[in-house]
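I'd like to walk you through a few side chains, so please have a look at the screen.

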Amino acid sequence: MPSLHFMLLKLAPLNTRIVGGENAPPGSWPWQANLLQTFPTYQIMCGGSLINSKWVLSAAHCFSSTNTANWNVYLGRQELSGTNPNEQVRTLSSIFPHPLYNSSTHDNDLALLELSTTVTFSDFIRPICLAASSSTFYNGTETWVTGWGNFKHNTVMPLPSPATLQELEVLIVGNNKCNCLYGGSIITTNMICAGVLAGGKGSCQGDSGGPLVVKQGSVWIQAGIVSFGYKCAEPNYPGVYTRVSPYQTWINSIIITKQTGFVTYTSSGKNSDSSTSCSSSPSITITPSTPTTTTTTAKRECLIFPRFNFPVGSYVILILSIV
């Protein structure tokens, strides 16, 4: 059980409203991290969440290796460009992808990132509690996803990511229902689905690794990590997230010198998803996820996808991201 002091850090004092798919007010999501790996002609962008003063949780598919070179982690960030007076920047000292991560099935898609130095907590930089192993998230539970990706776009070719941190309210879709929608046995018990089944809203390119969170009383709890999906915000294809709760033991085995808060989230009522069964479902092919990769010239916010411009002589294969 985390200490009272640690629990108080999770209260997000500046979070006063939630509006789906809109600019987030400064300080509303103080655990949100912006991860950038920058090279001379392109950069990779992912999201993440601060879980204590020296560790960030993200997705394994954001990292092609455990090499920490060229990675920067921005905390307290509101805008991808311009002035961020509450921002702190850190490099990485270690990257720990889950040892059972499978890039083909997307199972175990999470990674722990150790910052080079600790961050100083403020109203704009605070850690998030993680869902404990005994947590339950029933169909219809209200959650929120945040990031700089293309929240409102639902076509094959997303527009450039917004410069301001975005927030979107989405509902949990039970795993049985989600599996039916995805046409089979894609969704494992290590995953959790959430979205707007009518389409048009959802996480997209650039949001990979970012947090899916839920509020219990006054405490915010991270339920999922942006992982993959079919295109972006397509009707009847909710986003698929890494379910955080099964990994409590693994996370504690990696982070042994800094306290990480785990809180049990308990859904009320009955689990309506338990009686869901598939009759006939479409068969689709899910493309493995990758973080947003973009060309860069002068402005960081110019996140054009998916046309890349690599230096002559380099051979890089990139698969289009679907979340």
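Let me start with a question for you: is Trp 71 buried or exposed? Trp 71 is buried, with a relative accessible area of 3%. Keep in mind that this is a predicted model.

Now to the aromatic rings. The structure holds 10 aromatic pairs. Take Phe 39 and Tyr 42, which are stacked, with 5.0 Å from centre to centre and 20° between the planes. Phe 39 is partly exposed at 24% relative accessibility, while Tyr 42 counts as buried at 17%. Next, Trp 71 again: with Phe 63 it makes a tilted pair, 4.9 Å centre to centre and 50° between the planes. Phe 63 is buried too, with a relative accessible area of 9%. And if you like tryptophans, please find Trp 29, Trp 31, Trp 144 and Trp 220, which form one aromatic cluster.

On to the charges. How many salt bridges are there? The count comes to three. In general, side chains of opposite charge can pair when their charged atoms come close.

Lys 54 pairs with Glu 114, and their closest N and O atoms are 3.8 Å apart. Lys 54 is partly exposed at 22%, and Glu 114 is buried at 18%.

Then there is Arg 77, which forms a salt bridge with Glu 87, the closest N and O atoms being 2.7 Å apart. Both residues lie in the loop between β5 and β6, so here the tie is between parts 10 residues apart in sequence. Arg 77 is buried, with a relative accessible area of 5%, whereas Glu 87 is partly exposed at 23%.

For Arg 126 and Asp 123, the closest N and O atoms of the salt bridge are 3.2 Å apart. Arg 126 is buried at 16%, and Asp 123 is partly exposed at 34%.

One last stop, Gln 78, in the loop between β5 (71-75) and β6 (88-97). Gln 78 is buried, with a relative accessible area of 13%. Beyond its neighbours within four places in sequence, its contacts include Ala 24, Pro 25, Asn 84, Trp 148 and Leu 165.

Methods. Residues are numbered from 1 along each chain as its sequence is written. This is a predicted model: local features need pLDDT of at least 70, side-chain atom pairs count only at pLDDT 80 or more; totals for chains, interfaces and linings use all residues. Side-chain values use heavy atoms; hydrogens and water are left out. Helices (H or I, at least four residues) and strands (E, at least two) are DSSP runs, numbered from the N terminus. Buried means under 20% relative accessible area, exposed over 50%, partly exposed in between (1.4 Å probe, protein chains only). Contact means heavy atoms within 4.5 Å. Rings of Phe, Tyr and Trp (its six-membered ring) pair if their centres lie within 6.5 Å; planes under 30 degrees apart count as stacked, over 60 as edge-to-face and the rest as tilted. A salt bridge is a side-chain nitrogen of Lys or Arg within 4 Å of a carboxyl oxygen of Asp or Glu.
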